[in-house]
Amino acid sequence: MSPVAPPVMRLSVGLVVERRKAESPWVDFVWQAVAVLPDEPETKPWTVLREQGGATLFYAGSATVDLYPSETARYRDNLALGSPSIWTVLSPAEEGSWPYSVVAATADPAEGEAFTAAGANLVEAVPMPEILREAIESFVAEHHVEREFFKRKRRQADPEALARCRHEGGRE
């Protein structure tokens, strides 16, 4: 998850969600985040953007992509992919007329994956808009510090200590 320190940069985004009729007897609709909009539009959350071919696109609401200097290696890895992504997170709404509420958006693949631990969250990796890619590239260029990897050495087991535990503890 995100580090404790406050983010150095915050990028506002809007989330676009698609609702399709499900081909299942157990659920009526399938919901999926399909895009992020650079910046936060002046549209109210859950405004219908388009209806076409059995699918409805909604502007679901806004989120911020927080960038931390300690996570630049992860952002860099994301940017190195052929098509970098923003991970969007929707959580079941507790009240209201819409089934989900916007929880987060992140450029950190590990943080996006961590949001999948709550099984009810809808977590989608959507294409990163070019303007966000440029802003994140600049952030990485300014803040990234290459850190050397140190492999910890294992301590050797002391067979005598194990034998003493058995005799002294009376668990033989």
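**A guided reading of the predicted fold**

Trp-26, Val-27 and Val-30 make a nonpolar surface patch of about 370 Å². A patch is built from residues with over 30% relative accessible area and no salt bridge, with like charges joined within 9 Å and nonpolar side chains (Val, Leu, Ile, Met, Phe, Trp, Tyr) within 5 Å. The areas come from the Shrake-Rupley method with a 1.4 Å probe, and for residues only the protein chains shown count as cover. Trp-26 is found in the loop between strand 1 (9-21) and strand 2 (29-38). Its relative accessibility is 76%, so Trp-26 counts as exposed; the term exposed requires over 50% relative accessible area, buried means under 20%, and partly exposed lies in between (1.4 Å probe, protein chains only).

The model is predicted: local features need pLDDT of at least 70, side-chain atom pairs count only at pLDDT 80 or more, and totals for chains, interfaces and linings use all residues. Residues are numbered from 1 along each chain as its sequence is written, and side-chain values use heavy atoms, with hydrogens and water left out.

The protein chain contains four helices and seven strands. Here helices (H or I, at least four residues) and strands (E, at least two) are DSSP runs, numbered from the N terminus. Their order from the N terminus is β-β-β-β-α-β-β-α-β-α-α. Of the 172 residues in the protein chain, 33% are buried. The accessible surface of the protein chain comes to about 11,700 Å², and 51% of that belongs to carbon and sulfur atoms. Among contacts (heavy atoms within 4.5 Å) between residues at least 6 apart in sequence, 62% join residues at least 24 apart.

The aromatic residues come next. A pair of aromatic rings is described by the distance of the centres and the angle of the planes. Rings of Phe, Tyr and Trp (its six-membered ring) pair if their centres lie within 6.5 Å; planes under 30 degrees apart count as stacked, over 60 as edge-to-face and the rest as tilted. The count by this rule is seven aromatic pairs. One of them joins Trp-31 and Phe-58 in a tilted arrangement, 5.6 Å centre to centre with 35° between the planes. Because Trp-31 lies in strand 2 and Phe-58 in strand 4 (residues 55-67), this pair ties together parts that are 27 residues apart in sequence. Both Trp-31 and Phe-58 are buried. Trp-31 also pairs with Tyr-100: the ring centres are 6.2 Å apart and the planes stand at 65°, so the pair is edge-to-face. This pair links distant parts of the chain, since Tyr-100 lies in strand 6 (residues 100-106) and Trp-31 in strand 2, 69 residues apart. Tyr-100, like Trp-31, is buried. Ring pairs link Trp-31, Trp-46, Phe-58, Trp-98 and Tyr-100 into a cluster.

Phe-29 has charged side chains over its ring. Arg-19 lies over the face of Phe-29 at 4.6 Å from the ring centre, and Lys-21 lies over the face of Phe-29 at 5.7 Å from the ring centre. A charge sits over a ring if NZ of Lys or CZ of Arg is within 6 Å of the ring centre and within 35 degrees of the ring normal.

Side chains of opposite charge can pair when their charged atoms come close. A salt bridge is a side-chain nitrogen of Lys or Arg within 4 Å of a carboxyl oxygen of Asp or Glu, and the whole structure holds six salt bridges. In one of the six, Asp-66 meets Arg-10 at 2.6 Å, N to O. This bridge links distant parts of the chain, with Asp-66 in strand 4 and Arg-10 in strand 1, 56 residues apart. Asp-66 is buried, with a relative accessible area of 17%, whereas Arg-10 is exposed at 54% relative accessibility. The side chains of Arg-20 and Glu-18 meet at 3.3 Å, N to O; Arg-20 is partly exposed at 36%, and Glu-18 is buried at 15%. Within helix 3 (residues 130-143), Arg-133 and Glu-137 lie four residues apart, about one turn of the helix, and their salt bridge has its closest N and O atoms 2.4 Å apart. A network of salt bridges links Glu-71, Arg-74 and Asp-108.

The last stop is Ser-85, in strand 5 (residues 85-92). Ser-85 has 12% relative accessibility and therefore counts as buried. Leaving aside neighbours within four places in sequence, Ser-85 is in contact with Asn-78, Thr-106, Ala-107, Ala-125, Val-126 and Met-128.
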